[in-house]
Amino acid sequence: MKETQNNIGAYLKLHWKTAVFLVVLLVGIGLADNFVDSYVRRLLNLCAIYVIVSLAMNLVNGFTGQFSLGQAGFMAIGAYTVAVFTVPIESRAAIFYLEPMAPFLANIQLPFIVALILGGLASVVAAFFIGSPCLRLRGDYLAIATLGFSEIIRIVFTNTQSITNGALGIKSIPTISSLWWTYGTALLIIIATVLLINSTYGRAFKSIREDEIAAEAMGVGLFKTKMTSFLIGAFFTGVGGGLFAALLGTVDPKQFYFTLTYNFLLIIVLGGMGSISGTIIASFVVTLGQEALRFLDEPMAFGLDLPIFRPGLRMVVFSFLLMVIVLFYRKGLMGTNELTWDFMALKYQSIKKKLGGKKTSNEGGGN
Amino acid sequence: MKKTLSVLLSLALVVTMAAGCSGGTTTSSEDSDVIKIGVFEPLTGANAAGGELEVEGVELANQLRPEVLGKKVELVIADNKSDKAEATTAAARLIEKDKVVAILGSWGSSLSIAAGDVVKTNQIPAVALSATNPQVTAGNDYYFRVCFLDPFQGTVMANYAYKNLNAKKVAIIQEVSNDYSVGLAKFFTDSFTKLTGDPSSIVATGNYNTGDQDFNGILTNIKAANPDVIFAPGNFTESALIIKQARALGITAPFIGGDTWETNEFITVGGADVEGAVMSTFFDDTNPLTEAGKTFVAEYKKAYPDRDNIAAVTALGYDGYMMTLDAIERAGSADPVAIRDALAATKDFEGATGMITIDENGDASKNEAIIKTVKNGIFTYMDSVTID
């Protein structure tokens, strides 16, 4: 399993399946883009953004083994960069009605794509400053520092009235509704992550996750490698935050409480720390699940008038799911496996064997 | 064994999800005998308490007037989790899946602003109940509101401080992370400096964040500035703590604030120290401004006999529903665009919280606010103020 996964030759041999899959996927996105209503479109867009941010988090937490909790902060930076630079100049006076926008920004308007990349880069700069002291240390310092950082960013944005409009937030951000923006970016980021993980850098990331001392002994530069992973993760998160702002059309500091980070933490734990496909699956399950389970909030779910069916019950399902995962599926849905063709074939075989009645307990789908 | 159990549990989850999907599709079938109105409120999360009070008002109004144009009105309530991303999907869901013709809500201006784009692009009218931020309706032809705005409330309190309390010097303590508080402080400053003609009549300004506990730093500065009155719009818990700590520091200046103070927690936390605190609000159950207000109070007491007082936002929820139904009746159809036009043309509608006329921005141009104070641990009616 492990060998085939890292072997590029095996990928090439199976290339046609992947190519067919990609074509089907692109056609699917194209069809969905033309035919779904705005509600489903919004949900699908949100899924893609969650994929991007969770993947970035998994790159740092799952693949490199550095526990970072700064997602909300990096997203805020990306979101605000897009907001500040893309709001039409003529509507700025109405938005910044308490205090006019700072003169050096007031007349700058950038195309969305430029602002998006700028947002990613701004996150990278912020990540560099937190990373340079914290990534030299071992242990939980990064988690503490990034958690603090995301709160600091939120408070800073609350108080810089002339740039971010403080607590009032910014509205009238030109919105994106096409699925191509979010899914295009998500696909690019997924491909980039897959290539990265299977490269020398990726192997260095994983070696640090497994054992820092052994990795160092093998010549992996700990600080430099951790930093690379952290900065790339921050860039992706910033871009995800920018897309988030453009999807909602408005930003304010309250959106970026540290609790936002836990959404993504839930996704990567559910999907498996260290699995790209697990993260993607979990992003969809969590985002769509929240909407699909809305009927649990209504008093008459299943035609029963029980007092437990009240607003908030659908959230309980996720807590329950997380408990089940932690108790029985410690490694999450996918563990560190990927949903490759080989993996699926193997699973299929093992399930067939099980159903065939052969009770060989140590064979099968254990991972 | 563990494995089987976990597989079973996951299966149960998938089944419930599937049930949810199928349940959703059956309810969205078109039924021409029913007019659906969406209620979009935070029922979980940080703003849940406010959302629930508004829903109470809407439901009460629905019981009183369940039909319009000979059709039954069905309320579709969607929780937006006090979360912006969720607010936009909840609004889109009401429009696309439930096919509502109008939306009421939401508590919290930022949630309403987030939904603004959705209602605008889908051309479904929405009525904000207690969202006071001007940005909710600004530049959006499909968002209306039944409450008054931050500028009006700021002006009311500035007038009160200047005329009734003879204040010449005022200190402001604002909750900087709260758009409501920042807006109110700004409009108070504007109209107070206009009244006194002295730009330095705001002698001190203090900022704090939601959840702060210790305000001694701010209060020491304010004590040094020696203001006649302290204006502290903000969240009720923090405001009550501010007043407590100010009294402990020996500050005797009266405290005035906005409608967010009017909760039981304000008195529980503040105790004897909040006696005499003055606030502006939308509604007072002992002195309803209109006949509709009297009906509302009577019906509310019938429906909830164990409640001590009626929250202003509940009255606003009632008004939002009644105004929307009035607009549907005048439009003569359940077509969302026709309802929008009728809402925009609302003139002298008699609501429980006063006469409502919708102006060109989609705001309720109310000119009457109520001043209340805390007396013997109870919010007591003091005065109603009319400003042109």
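**Two chains and their contacts in a predicted model**

Chain B is built from 12 helices and 15 strands, where helices (H or I, at least four residues) and strands (E, at least two) are DSSP runs numbered from the N terminus. The structure is a predicted model, in which local features need pLDDT of at least 70, side-chain atom pairs count only at pLDDT 80 or more, and totals for chains, interfaces and linings use all residues. Residues are numbered from 1 along each chain as its sequence is written, while chains are lettered from A and ligands numbered from 1 in the order in which they are written.

The overall dimensions of chain B come next. For its 388 residues, a compact globule would have a radius of gyration near 21 Å, and the 22 Å of chain B agrees with this; the radius is taken over C-alpha atoms, and the globule rule is 2.2 Å times the number of residues to the power 0.38. Taken along the principal axes, the C-alpha atoms of chain B fill a box of roughly 65 × 65 × 40 Å. Buried residues account for 54% of the 388 in chain B. A residue is buried if 20 or more other C-beta atoms lie within 10 Å of its own, exposed if 12 or fewer, and partly exposed in between, with C-beta atoms placed from the backbone. Of the contacts in chain B with a separation of 6 or more, 69% join residues 24 or more positions apart; a contact requires C-beta atoms, placed from the backbone, to lie within 7 Å.

Chain A, in turn, has 18 helices and zero strands. The C-alpha trace of chain A spans about 75 × 65 × 40 Å along its principal axes, and 45% of the residues of chain A count as buried. In chain A, residues 24 or more positions apart make up 79% of the contacts with a separation of 6 or more.

Where the two chains meet, 38 residues of chain B are in contact with 41 residues of chain A. On the chain B side, two or more residues each come from α1 (2–27), α3 (84–96), α4 (109–122) and α6 (179–196), and α1(B) gives the most, with 11 residues. This side of chain B has 13 nonpolar, 16 polar and nine charged residues; Ala, Val, Leu, Ile, Met, Phe, Trp, Tyr, Cys and Pro count as nonpolar, Asp, Glu, Lys and Arg as charged, and the others, Gly among them, as polar.

Helix packing can be followed within each chain. In chain B, the axes of α11 (residues 312–331) and α12 (residues 336–344) come within 8 Å and cross at roughly 110°; axes are lines fitted to C-alpha atoms, for helices over the stretch in contact, and angles run from 0 to 180 degrees between N-to-C directions. The contact is made by Ala327(B), Ile328(B), Arg330(B) and Ala331(B) of α11(B) with Ala338(B), Ile339(B), Asp341(B), Ala342(B) and Leu343(B) of α12(B). By class, there are seven nonpolar, no polar and two charged residues in this contact.

In chain A, α5 (residues 71–86) and α9 (residues 141–159) pack at an angle of about 35°, with their axes 7 Å apart. Residues in this contact include Tyr80(A) of α5(A) and Phe149(A) of α9(A).
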